[in-house]
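Hi everyone, thanks for coming. I'd like to walk you through one structure today, so please have a look at it while I talk.

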Amino acid sequence: MTAVRPDESVVDDHRAERDLLARVLDTLLREDFQQIRSTGTRTGDRLRFRLGPHDAELSVRPGRFLSPIEVREPVLVVDGQPYRGLAEVLGRLRAGVDPADLPGFDDFTVECAQTLNTVRSQQEHRADTLGLLAGATRRGPAGSLYYDTLAAYLDHPVYPTGRCRFDLSQPELRRYAPEFHPLFALRWLSLPAESVDRQGVLPDWWPTDGDRAVFPVHPLTADRALAGALREAGLTDARELTDVPARPVMPTLSMRTVAVLDDPTTHVKLPLPTSTLGRRNRRGIKPGTLPDGAITQRLLTEVLAREARFPGRVLLADEQTYGQGGHDQLAYLVRRHPDTLADTEIVALAALLAPAPDGRLVLHDLADRYFAGEPFALLDACLELLFDWQATLLTYGIALESHQQNISLLLDRAGGRTRTRLLFRDNDGPRLHQARLTDTLGPAALSAAGLAELDDTRMLVDSLDPLLDMFITITVHLCAAAPMFALARRQTGEAAARAELHTGLQLIRARLEEASRRCSAADARLLRARLLDADTLPVKAMVTAGTLLTKQRSGAVDINKFYLRSGPNYLRTDGR
């Protein structure tokens, strides 16, 4: 096992900028920004292309994870002049942008600058945050916040500027973002009961105001967007409750979801006046989103009841209690976690590659304590269950957008042996094959789940292709392959990196083959053709759809599900 020096996660400012620039250039190559990859000329390790009236080139090498090529050095050469700074490289790239797309590119430039500022702030305050974590519990729902805080220091596996929260200042981030482990109190809003949609049973501690509906509001929303939201929703008789006892909360990894410290099984998801993973990827909660997530959870519960090997191993957070006030800044979700996890470590998959306070990766620390020091044994146990569950859902006609932030690995000991389980939450945004659901679950179960009441009809599809795209890009790319490539990059020496990657990818392939054998023969053939033996794999073009291009320019129906068909298949065994 390769240990990490305690100071390895703290890098100097030059390296931070260089690393961000490399991720940005890799992403632009992967998404074929301005067609520089597809129309450029590659000679050896040089990719030459045009930027408007200028000749440009990048030093490149073959890519394996999601892109045919990646940058060797984050240096852009334009008309023979090298550019190494983030701002100057983006400034030179701007010369090749169509005037119609300049607003999006300028937004991306702002996004990059805000990301770099956030990285610098995180580095500056990391020691203080680690001090807050000293002695913190790692077990039970409260312990999940320890791992969420560590995970917040990692970059997104694919999106280059994932640490950016548009339009929020650094002081605001320090008060409310998970990487700073802050405590704060929610604000509370009283609304006429007839003007809102409320479902489920609220916690006992929830404030009341006669027969009116009481909504929690994040302080950022209260200060920045609440007045406008109330005006747009026509809620002129809303009033803020100022005599509610303060109840401390802490942000989870998603930031807009907070954990209630004195009710640790309860999280509250709230809209925020910001965007992440793209300017157009707003962190509000659109009306209809929460009911759709509740419907999806009911479908998953029905599948669990029919599949004997998953109950007790796959757990679902309860997301049936919510309120929505007719505006994307007026909503809440009360998420309840199972109350049987007090002695369990609840670790978001996104946290596995995070450096712990002692310098080791979380993965290595957990492997030492639960898997006799074998990190691949831990990953194997996780992937075996993850692929089995997700492939089974495909056979029912369901693909979940359950990425590395909203799946938690549950580790504890039962009968003296390590027990591995998975906890799923945040079920909005799946793809559902209605005909297959009807065949597998039956009309009565679909009616009981409320499928006919879905608000976002984009979730319903008549082909398995959208389900496979989601399975590959989320479950396989983000949850499985990205950690394997990240582990390999940490190795010293090319041979060691190749060996580490080979072990990881072989594990993924073996577990996918095992999961496919539990499917029907037709589904197994489809998974093999579209995933294991395909020439290329689908890749989400997140920057293109989320910031660089408008929907009219990109053609994206959903900015989070806009795919390219150019990813090299890292799972092939024939060397291609």
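**Charged pairs and nonpolar cores**

Searching the whole structure turns up 54 salt bridges. By that I mean a side-chain nitrogen of Lys or Arg within 4 Å of a carboxyl oxygen of Asp or Glu. Before going on, a word on the source: this is a predicted model, where local features need pLDDT of at least 70 and side-chain atom pairs count only at pLDDT 80 or more, while totals for chains, interfaces and linings use all residues. Residues are numbered from 1 along each chain as its sequence is written, and side-chain values use heavy atoms, with hydrogens and water left out.

Let's take some pairs. R421 and D412 join through their side chains at 2.9 Å, N to O. Are these two buried or exposed? Both R421 and D412 are buried, where buried is under 20% relative accessible area, exposed is over 50%, and partly exposed is in between (1.4 Å probe, protein chains only).

Next, D469 forms a salt bridge with R530 at 3.1 Å, N to O. D469 sits in helix α14 and R530 in helix α16 (residues 521-532), so this pair ties together parts that are 61 residues apart in sequence. Helices (H or I, at least four residues) and strands (E, at least two) are DSSP runs, numbered from the N terminus. D469 has 4% relative accessibility, so D469 counts as buried.

R572 and D535 make another salt bridge, with their closest N and O atoms 3.1 Å apart. R572 is in the segment after β24 (563-568) and D535 in the loop between α16 and β23 (536-540), so parts 37 residues apart in sequence are tied together. Here R572 is buried, at 15% relative accessible area, whereas D535 counts as exposed, at 52%.

There is also a network of salt bridges, and R138, E345, D358, R360, D365, D368 and R369 are linked in it.

Now for the nonpolar side. In soluble globular proteins, nonpolar side chains tend to be buried together. A nonpolar core here is a set of buried Ala, Val, Leu, Ile, Met, Phe, Trp, Tyr and Cys residues joined through side-chain atoms within 4.5 Å. How many residues does the largest one have? It has 134, and L93, W389, I508 and Y570 have the most contacts inside it. Helix α14 (residues 465-489) gives this core its largest share, 17 residues. Another core lies apart from it, with 34 residues, including L189 and L330.
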